[in-house]
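Trainee: Could you take me through the aromatic rings in this model, and what sits around them? I would like one connected account that I can follow with the structure open.

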Amino acid sequence: MDDMSYLMATWHGGSMVVSAVFLAVAILLWWLPNTDKISSVSDATRCGGWSRWFAVLIALIQALIYLLWG
Amino acid sequence: MQSLQLGILDLMLIVGYLLVVGLLGLYYSRGVRTGEDFFRAGRSLPWWAAGLSLVVSDIGAKDMIGLAGDGYRYGVVMMNFDFLGCIFPVLIAAFLFMPYLWLANVYTVPEYLGLRYDLRVRTCFSALWILFMVVTLATIFVSAAAMFEGILGWSFWFSVGITALTVGLYTTMGGLKAVVVTDAFSCVVLVIGAAIICWSGLSEIGGFRALGEAIESKSWTEHHLQLLPPADHPEYPWPAVLLGLGFVLGPAYWIGNQAIVQRTLGTRSPAEARASYILCAAIKLFFPLLLVLPGLMGIVLLESELGIPGKDWDGNQVLPLLLTRLLPTGILGIVIGAFLAGVLSNLDSYVNAASTMLVHDFYRPLIRPSASDPECLSLGRWLVPILLLLGVSMSYPIKQGFGSVFEAFQTFLSFIQGPLLALLLSGMLTNRANASGAMAGIALGVTSAALMTFSEALFGVSGGISFLWVAWWSFVASLTGVLMGSLLTPPRDPQSLQGLVFEWKQSSGSQHG
């Protein structure tokens, strides 16, 4: 059985649902207000900008993993 | 289990690892002068150290040996415990929860629940967690001793003694900072050790493709390469994996477990608290592969010795047998060092968290509100060896009836996971939830979880209900209780909730600053 036919034979709705959950997480993380800005504590936000991008990327990778491998 | 034969080089590496961990812990103990230094590392932890510490605080001896066995029995579905059970809640927690817990200036998660609801809720959850942690300490000792007894032939008390002594030394002196720094070092050792096992196995088998083809060719491994088994899978149906593990057990663990959250509360800013969680999620993208792959390799390399898993099949043999077959002298020392890393980091996180909760959720609010900072520091330090001794003394009786005691306690813990998450979610995301609702939520959640767990005995439900479904439905019941109880009673003054509840409205400044 080649890779594609194996994927088709084992694919079921679960992979699409979980993949959609991670896609929703990526959108949520992108949309959420920046919690650094409401902080009353002096905050260097050294990790502020890139951490959001990185988190969105991880969620998208997970969505892809579940879509292809679920 | 067959004991491994260690060479001089292996022993030197193991002793060297223990020495480095002990010295690192003692070196970082120098600056501990206040309770804040001891319990929250003086809020000086860099995000990368906290992130590495998060990864290994989650991995114990039982997980390393157990995941290889479960990988052999069930296949890649076990990776969901990290993918859905960790990455999903960790990403959400990084943005929705951790910055708020940090800004609430709390030492413990129950302390936050106390600020958000009332002292009853705080005391209820801290008592349950402390009880759980003490039993967990004992089970970590038992698992570690079983592992070292099986792999190295060490006696039970020698294994327990060496782990308790090493952890006790640096945790008593250095508190959270020593714990996190040694954990960060241990995380690197653990990844190297696990990668060596995987690389050696894949080299022998001929790579990923050969591994996949060999597994597909077996008659009993139909779902082994499926990350999400179909909905009619007997153990891990995908809807239960998503709802029970992904939506309840994972979030309750990564947001509500003090042993996990404490290092994040010790970071330098809310942004670094968030970044530590994101680093943990990034490592967890590949870490489960390193832990589950040995089980899959075992199917190909060890099927003639281990056979097809049945009811009484012992999965704990998979990893030791694999090590015996794959690793030469010298390399073995690094891998044993990785096992030690897993044990020590798991143990130090729980003992440190239990000490913090005893001081901050019991001693200070209930016994001696006027306790000074030096008094709390001193008590926190004394509690570390006391808790370790308690764990050691409980380890032997637990060893005698290990399966039943541990399973009973895991069942007991599953009763509170759903309610804990319901309280944290409703407390942090809505202004309307109040203390009366919280108590109603705890009562409904725990009762429904108990009824479902004992459904076979009480209602004759054939085969009982999967623990994943119990977690999900007890969470739903608890959330319903919180919302109903809160709506039927007067709300709290919104002013008193400032800084404790997520602000959905965009504040001034750019969104993606």
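**Rings and their surroundings**

Mentor: Of the 70 residues in chain A, 44% count as buried. Happy to walk you through it, and please keep in mind that this is a predicted model. Among the contacts in chain A with a separation of 6 or more, 70% are between residues 24 or more positions apart.

Now to the rings. A pair of aromatic rings is described by the distance of the centres and the angle of the planes. Searching the whole structure turns up 23 aromatic pairs over all chains. One of them is formed by Phe81(B) and Tyr236(B), an edge-to-face pair with 6.0 Å centre to centre and 90 degrees between the planes. Here distant parts of the chain are linked: Phe81(B) belongs to helix α5 (residues 80-96) of chain B, while Tyr236(B) is in the loop between α10 (208-216) and α11 (238-256) of chain B, 155 residues apart. Phe81(B) has a relative accessible area of 31%, so this residue is partly exposed. Tyr236(B) has 10% relative accessibility and therefore counts as buried, the cut-off being under 20%.

A second pair to find on your screen is Phe132(B) with Tyr350(B), again described as edge-to-face, at 6.3 Å centre to centre and 70 degrees between the planes. Phe132(B) sits in helix α8 (residues 119-152) of chain B and Tyr350(B) in helix α16 (residues 331-367) of chain B, so this pair ties together parts that are 218 residues apart in sequence. Phe132(B) counts as buried at 9% relative accessibility, and Tyr350(B) is buried too, with a relative accessible area of 5%.

Rings also join up into a cluster, where ring pairs link Phe22(A) and Tyr66(A) with Phe83(B), Phe88(B), Phe247(B), Trp472(B), Trp473(B) and Phe475(B).

Some rings have an arginine over the face. Arg40(B) lies over the face of Tyr107(B), 4.0 Å from the ring centre. Likewise, Arg43(B) lies over the face of Trp102(B), at 3.8 Å from the ring centre.

You will find Tyr112(B) in helix α7 (residues 109-116) of chain B, and its relative accessible area is 0%, so Tyr112(B) is buried. Beyond its neighbours within four places in sequence, Tyr112(B) is in contact with Leu101(B), Ala104(B), Val106(B), Leu424(B), Gly427(B), Met428(B) and Leu500(B). From Tyr112(B) to Arg122(B) there are ten residues in sequence and 7.8 Å in space, C-alpha to C-alpha.

Two packed helices are described by the angle between their axes and the distance between the axes. Helix α12 (residues 258-265) of chain B packs with helix α13 (residues 270-283) of chain B at an angle of about 130 degrees, and their axes are 8 Å apart. That angle falls between 115 and 145, so α12(B) and α13(B) are oblique to each other. On the α12(B) side, Ile260(B), Val261(B) and Thr264(B) meet Ala273(B), Ser276(B) and Tyr277(B) from α13(B). Sorted by class, this contact of α12(B) with α13(B) has four nonpolar residues, two polar ones and no charged residues.

Note on methods:
Residues are numbered from 1 along each chain as its sequence is written. Chains are lettered from A and ligands numbered from 1 in the order in which they are written. This is a predicted model: local features need pLDDT of at least 70, side-chain atom pairs count only at pLDDT 80 or more; totals for chains, interfaces and linings use all residues. Side-chain values use heavy atoms; hydrogens and water are left out. Rings of Phe, Tyr and Trp (its six-membered ring) pair if their centres lie within 6.5 Å; planes under 30 degrees apart count as stacked, over 60 as edge-to-face and the rest as tilted. Helices (H or I, at least four residues) and strands (E, at least two) are DSSP runs, numbered from the N terminus. Buried means under 20% relative accessible area, exposed over 50%, partly exposed in between (1.4 Å probe, protein chains only). A charge sits over a ring if NZ of Lys or CZ of Arg is within 6 Å of the ring centre and within 35 degrees of the ring normal. Axes are lines fitted to C-alpha atoms, for helices over the stretch in contact, and angles run from 0 to 180 degrees between N-to-C directions. Angles under 35 degrees count as roughly parallel, over 145 as roughly antiparallel, 65 to 115 as roughly perpendicular and the rest as oblique. Contact means heavy atoms within 4.5 Å. Ala, Val, Leu, Ile, Met, Phe, Trp, Tyr, Cys and Pro count as nonpolar, Asp, Glu, Lys and Arg as charged, and the others, Gly among them, as polar.
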